[in-house]
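Welcome! Please take a moment to look over the sequence and the model, and then we can walk through them together.

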Amino acid sequence: MEKESFYQEFEVFSKRTPTSHFQHQFSLLAPNGEMALMMAQENFMRREPVVDIWVVNRKHLHGLTQESKQALQRLDNKDYRTTKGYGYLKKKWRHYEQGMLDEKEILSWAGGGKKDE
């Protein structure tokens, strides 16, 4: 069992504009959340403009375990789900366009399609 410390670890997030996303800035040690917020304001807001700051106790963050990360591996036979799986379409389309402009088609534009009287 871990020995309880006076300090807790907090993660600091901020956003620069009202429409931007929160970004992780740094970690700090503080005795509680209020003190962590004050320290984040003192260390961060005087350097660059921000519109909001969040401090989150690290023990409240949850992530994947090493075993759970194995489930994120993609299968190799799913190329059709990515755009690189359709790379052959450009060549196929070019071949189709060139096939449309054959000699018979071009001669038909010059009046070759007159009807006999």
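Strands β1 and β3 run antiparallel and are joined by six bridges; two strands are said to pair if DSSP finds at least two bridges between them. One of the residues to look for here is E11, whose bridge partner in β3 is V56. On β2, too, β1 has an antiparallel partner, this time over seven bridges. There, F13 has H24 as its bridge partner in β2. The names of these elements follow DSSP runs, numbered from the N terminus: helices are runs of H or I with at least four residues, and strands are runs of E with at least two.

Before we go further, a word on what you are looking at: this is a predicted model, in which local features need pLDDT of at least 70 and side-chain atom pairs count only at pLDDT 80 or more, while totals for chains, interfaces and linings use all residues. Residues are numbered from 1 along each chain as its sequence is written, and side-chain values use heavy atoms, leaving out hydrogens and water.

Now step back to the whole protein. It has four helices and three strands, and along the sequence they follow the pattern β-β-α-β-α-α-α. Of its 117 residues, 12% count as buried. Here buried means under 20% relative accessible area, exposed means over 50%, and partly exposed lies in between, with a 1.4 Å probe and protein chains only. Among the contacts with a separation of 6 or more, 41% are between residues 24 or more positions apart; a contact means heavy atoms within 4.5 Å.

How much of β1 is covered? Six of its eight residues are buried, so the strand is mostly covered. F10 is buried because its relative accessible area is 3%, under the 20% limit. Not counting residues up to four places away in sequence, F10 touches F26, S27, L28, A30, N32, G33, A36, V56, N57 and R58. With G33 in particular, F10 is 23 residues apart along the chain, and their C-alpha atoms are separated by 7.9 Å.

The second residue is S14, also in strand β1. S14 counts as buried, with a relative accessibility of 3%. Its side chain makes a polar contact with the side chain of Q25, at 3.1 Å. A polar contact is a pair of N or O atoms within 3.5 Å; within protein, one must be able to donate a hydrogen and the other to accept it, and residues adjacent in sequence count only if both atoms are side-chain atoms. Leaving out residues up to four places away in sequence, S14 touches several residues, including F44, V50 and I53.

Over in strand β3 you will find N57. At 10% relative accessibility, N57 counts as buried. The side chain of N57 makes a polar contact with that of Q8, at 2.5 Å. Apart from residues up to four places away in sequence, N57 touches Q8, E9 and F10.

Next comes helix α1, residues 33-45. Its 13 residues, at 1.5 Å a residue, should span 18 Å, and its end C-alpha atoms are 17 Å apart, which agrees; the expected span is 1.5 Å times one less than the number of residues. At the start of α1, a side-chain oxygen of N32 comes to within 3.3 Å of the backbone nitrogen of E34.

Which residues of α1 are buried? They are A36, A40 and F44. Seen down the axis of α1, these buried residues fall within an arc of 40 degrees, so they line one face of the helix; the arc is that of the directions from the helix axis to the C-beta atoms. The face turned away from the buried side of α1 carries the exposed residues E34 and E42. What covers the buried residues of α1 includes β1 (8-15), β2 (23-30) and β3 (52-57).

This brings us to the largest nonpolar core, nine residues in all: F10, V12, L28, A30, A36, A40, F44, V50 and I53. Such a core is a set of buried Ala, Val, Leu, Ile, Met, Phe, Trp, Tyr and Cys residues joined through side-chain atoms within 4.5 Å. β1, β2 and α1 each supply at least two residues of this core, and the largest share, three residues, comes from α1. One of the core residues is V50; leaving aside its neighbours within four places in sequence, V50 is in contact with S14, K15, R16, F44 and M45.
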